[in-house]
Amino acid sequence: MTNKKRQILALFFIFGVAFFFRFWKLSHYPVSLSIDEVIIGYDAYSILKTGKDHWGEFLPLSFKSVGDYKSPVLIYLLIPAIKIFGLNEFGIRFTTALIGSLTPLVAYFLINCLLKNKTVSLFSALLLAASPWHIQFSRATFEAVLALFFLMTGILVFLKSLKNKGKWWWLTGFFLSLSMYSYHAEKAFIPALLVSLAVIFRKKIWQFKRNAFLALVVSLLILIPFICLMFSSQGQTRARSVFFTNDFELRILRLEKIKNWSGRSIIEKTLNGEIVNIASFWVKRYLEYSDFSYLFFKGMNYTHPKFPDVGVMYYFELPFFLLGIFVLANKTKIDKEKKTLIFSWLFLGPLPASLANNSQHPLRSLTTLPMPQLISGLGIWYFINWLRKVKIWKMSKVILSFALGLAIFISIFYYLDIYYVHCPVHYSHYWMYGMKEAALYAWQNKDQYDQIIFDPDFGIEAKNIRSIPFAYVLTYGQVSPEIIHSARKENNGPLSFEGFVFRNVYWPEDKNLKNALLIASFWQLSPKEIPTEKVVKMISLYNGQPMFYLVETDKE
Amino acid sequence: MKKWVFSNKVLFIFLIAFLIRFLGIFNPYFGVNKGEVIWFSFVSNWQVIYLGRFLALLLGLISLVFCFKIIKMLFPENKNRQLLFLFVLAINPQFVFLSRFTTLLGLSFFFVVLAVYLLVRARQKHSWILCLLAFLFLFFSLFSWFSFNRQVDFLPAWEPFGIFSDIGIINAINDSRGAEIEFGIQSIARLLYNKSYYFVFWLSSFVKQYSLNHIFSLVENNGTSLLFENTPMLLIFAPFFVFGFFKSFEILSYNKAFVLLIALVAGGLPSSLLSSSFVQDAFIFALLPISFYVVLGLEHIWKKKLWQNIFILLLIANILVSYYKIIDDFKRTEKLPNQRLYSEFMEAKK
């Protein structure tokens, strides 16, 4: 078999693995559409039908969505899938799953471009194809997957174009700009990575300065609306709300520190003051991404604390990851520039996540990919090479190879069990499980009631989850966008349309309503207080725990 | 480097180490450690606590001397490496605070350092007596932990390995096997979720300790730590540690680099076995190899004068901020002064 044929076969294999992990039972797992998915899906549907988002804004560059001003690219790219497959779980998830399946292919070319080693590229791309970190976000509608795809493509084009005097650098500018439009984390990551690229490849960039200038112009032209948006109140809302200075932990720390603040000297205020505390808190947040427990054991948070869980990388990758870094730092004969780029990417990857207000956030640190997989792949390649060369008893080589294969199999099998079996049991409420069933029931029986009141708040230990039932009602009722546009315009009191009202249910008062259907969790409609004959339906979470009660009031 | 210059530098570093450990330890309002009170509860005079602190200071300084001797024996030609290692340890916040309070961890640490010194010496002299002595001190180190627990609560010997009796883990395993809600395929659940998870959980806790934020940044919210929520090592050393760690096999001989790696792994064992959550203070054993990796990074990167000056400025800033923060946080934790704490304890004991 020729080298080219082998490479094509390898590419098909990578795509096949990635496709399988991302498309298998896509409609059923995650067990329900999350808040973000359902609103993104409906916004895309609204654009498809009317050219406006569900707030009635024409072709927006920043979607108000649920008040968090979402990036636009994914929503626009969702339109063809929704047109073809309809407004349902598969249609909403299709685009990210497809882009997620294509990303390991781009990773293959990118890593090959960096290391000039097809075997390592194959291992790394396969690791990315089966990576829990990437699969998790590719199987649901997350913009970060799209942004990562454009980011990797942009850097690939940049590296490839080093050979042809930077002729395609304008394409790099295009892809990186698109990536910045796609997800918020890239807005912090790409400028930082570009600075490193400019420093690392300064000589070549200076050599081909005309093409570099062209790339800069293309990027700026694309980014003009984005820059304007960033300075607007809309653009700043998101940045302000998620910036790490709003972190709960830091707020407590600062509150403790400002006790007796007025009586303290300038030295005290300087050495243990606001700046020092904020800076050291950010350092802590950034360094938390070096936690191997997060990377290999607990990072995905599929289960409760102390339960068996999965890291953002597989258990078996841990020794190869360490070996890979040793090899990369000491052994490989790759360009110093490219080696520096790999380490810069690896260290800058967690930067956007560390600037935001949660600790160890796998989604926001997705920008680190595919460097961890590159390093693990390098480690595996080095280990296999060592195993082939080392003069030891043949049987021990067979045993070691078998052990490696077994470790890979167990790791993947274990991850699949956690993802498909345990995660839904532990966390179906975070995926808004039950909202679909409630919305469908409400639509089926809508004619029997004068109004249907849908409560957005629920939770297990406390009423601490706020959903957006209106989006589920819109999606599963395939409601025409014009209806929600006019409902949004009215803007007095709670949101209501087509006989649905979305507000908190309060049984002592709402029981007096005539011919109404109340949908709420047991916190508002406790089965102890409500006569059994009034309960028309009970909806449980995935683990069987009763959560929502559908209660009708007196007819007349 | 001339011999007298080297000696002066060593003396100067020891003077810094002494001052940084000594200043303020007799301040009666600088008290925090209940262990100190419990330890001296058999004596009626509360001021005897300071005797314990003086002993801790002495043990800390002697440990530093032995650390210096170990590095001298391992790298007799490399004076810079010896000085840097001594300096990094002398100003290490966790080591400093371990030498300022009466904890049995300080005694345990001293025995470990002594044992390592004797092992290195035994290897050089080919003496089995020294080797035996080294293992005796390692046993003492272990014994000092157990005796502490036994005196307080008369706990069984395996109690320190708290990870194996964590009720949370046991419940988690049972629930994963479907004890409360039956789901999935039971045979698979039994195959995947069993006692081997103790090992996975332990490994997870073990590797978590080596996270850079645990070493160079704020520690976990752990009130029992002597450092409260401050940094066990100075932040400025973090990049040097990373560099030294990954370049160690290139800089050192294969054997030495491998032994160093083993020391790093072994250093994290006590703290990971003690509890299912992170025990910051017990991670002190790993700080010796970590300090050495920092030294490797420092001497490798330290080439240009400009970088040296920038580093020194940043180091001074880091020392000032770190120590001030620790002391300031210490003062404002509203802990009881020793005298009151002691009398309350004695009353409760009656």
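I began with the interface of this predicted model: about 3800 Å² is buried between chain B and chain A, and carbon and sulfur atoms give 68% of that area. Buried area is taken here as the accessible area (1.4 Å probe) that two parts lose on being put together, summed over both.

I next looked up the contacts (heavy atoms within 4.5 Å). In chain B, 42 residues touch 40 residues of chain A.

I then checked for salt bridges (a side-chain nitrogen of Lys or Arg within 4 Å of a carboxyl oxygen of Asp or Glu). The count between the two chains is one, and it joins the side chains of A:D291 and B:K208 at 3.0 Å, N to O. On the chain B side, at least two residues each come from α8 (167–176), α9 (186–192), α10 (196–208), α11 (212–216), α12 (238–251) and α16 (305–331). The helices are DSSP runs (H or I, at least four residues), numbered from the N terminus. By class, I noted 23 nonpolar, nine polar and ten charged residues on the side of chain B that touches chain A; Asp, Glu, Lys and Arg count as charged, and Gly is among the polar ones.

I turned to confidence. Chain B averages a pLDDT (the predictor's confidence in each residue, from 0 to 100) of 80, and 77% of the residues score at least 70. Over residues 147–158 of chain B, the pLDDT is below 50. Where pLDDT is low, the predicted coordinates should not be read in detail. For the complex, the predictor gives an ipTM of 0.86 and a pTM of 0.90.

Terms used: Residues numbered from 1 in each chain as written. Chains lettered and ligands numbered in written order. Heavy atoms only, no water.
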